[in-house]
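Here's a quick tour of the model on screen. Keep the viewer open while you read.

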Amino acid sequence: MIRMSLAELREEMRGVARGERHASPLLAGPLLAVLSRESLDLLGVLLRRHPASITELVSMTGRAQPNVSRSLQTLAAHGLVQLVRAGREVRPEAIARAVTVNLATGTYEAAPVTAMSEEPT
């Protein structure tokens, strides 16, 4: 298991901000526990169709609104989705297009969505 002191975490964050190093991989266990078929389908819809709101995403998926909101909160907690407030609506955005799991270390890294790479390869 990877553990860091607060000082080590601060130094890593400063190094990442300066472009001198990459962030440490995150523990994969909690992420893998929440990546159900429904969560993966939700991420796929976000990446392909770019809904303007959670209401629109609910309509696209046919899932209940509380279920979709709960899934989005969990995915956001793992850094795969961000929820952007736009007036009274919340727009869900995928911020990861792929996840690489290292089974030897039990960690993962998420590849960010960019303008050039929104479609998964």
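## Around helix α4

Helices here are DSSP runs of H or I with at least four residues, strands are E runs of at least two, and both are numbered from the N terminus. Bear in mind that this is a predicted model, where local features need pLDDT of at least 70, side-chain atom pairs count only at pLDDT 80 or more, and totals for chains, interfaces and linings use all residues. Residues are numbered from 1 along each chain as its sequence is written, and side-chain values use heavy atoms, with hydrogens and water left out.

Helix α4 itself spans residues 54-61, with Ile54, Leu57 and Val58 buried. They sit on the same side of α4 because they cover an arc of only 105 degrees around the axis, taken from the directions from the helix axis to the C-beta atoms. (Buried is under 20% relative accessible area, exposed over 50%, partly exposed in between, with a 1.4 Å probe and protein chains only.) The buried residues of α4 pack against α3 (37-49), α5 (65-77) and β3 (89-94), contact meaning heavy atoms within 4.5 Å.

## The sheet

Three strands make an open antiparallel sheet, in the order β1-β5-β4. Its edge strands are β1 (26-27) and β4, each pairing on one side only. Strands count as paired if DSSP finds at least two bridges between them; β4 (residues 96-102) and β5 (residues 107-112) have six.

Along that pairing, Ala98 has Ala111 as its bridge partner, and Val101 stands opposite Tyr108. The β4-β5 hairpin has four residues between the strands, and Gly106 takes a positive phi near 70 degrees there.

## Salt bridges

How many salt bridges does the structure hold? There are three, using a cut-off of 4 Å between a side-chain nitrogen of Lys or Arg and a carboxyl oxygen of Asp or Glu.

Glu20 pairs with Arg18 at 2.9 Å, N to O; Glu20 is exposed at 55% relative accessible area, while Arg18 is partly exposed at 46%. In helix α3, Asp41 and Arg37 lie four residues apart, about one turn of the helix, and their closest N and O atoms are 3.0 Å apart. Arg91 and Glu93 meet at 2.8 Å, N to O, with Arg91 partly exposed at 27% and Glu93 partly exposed at 23%.
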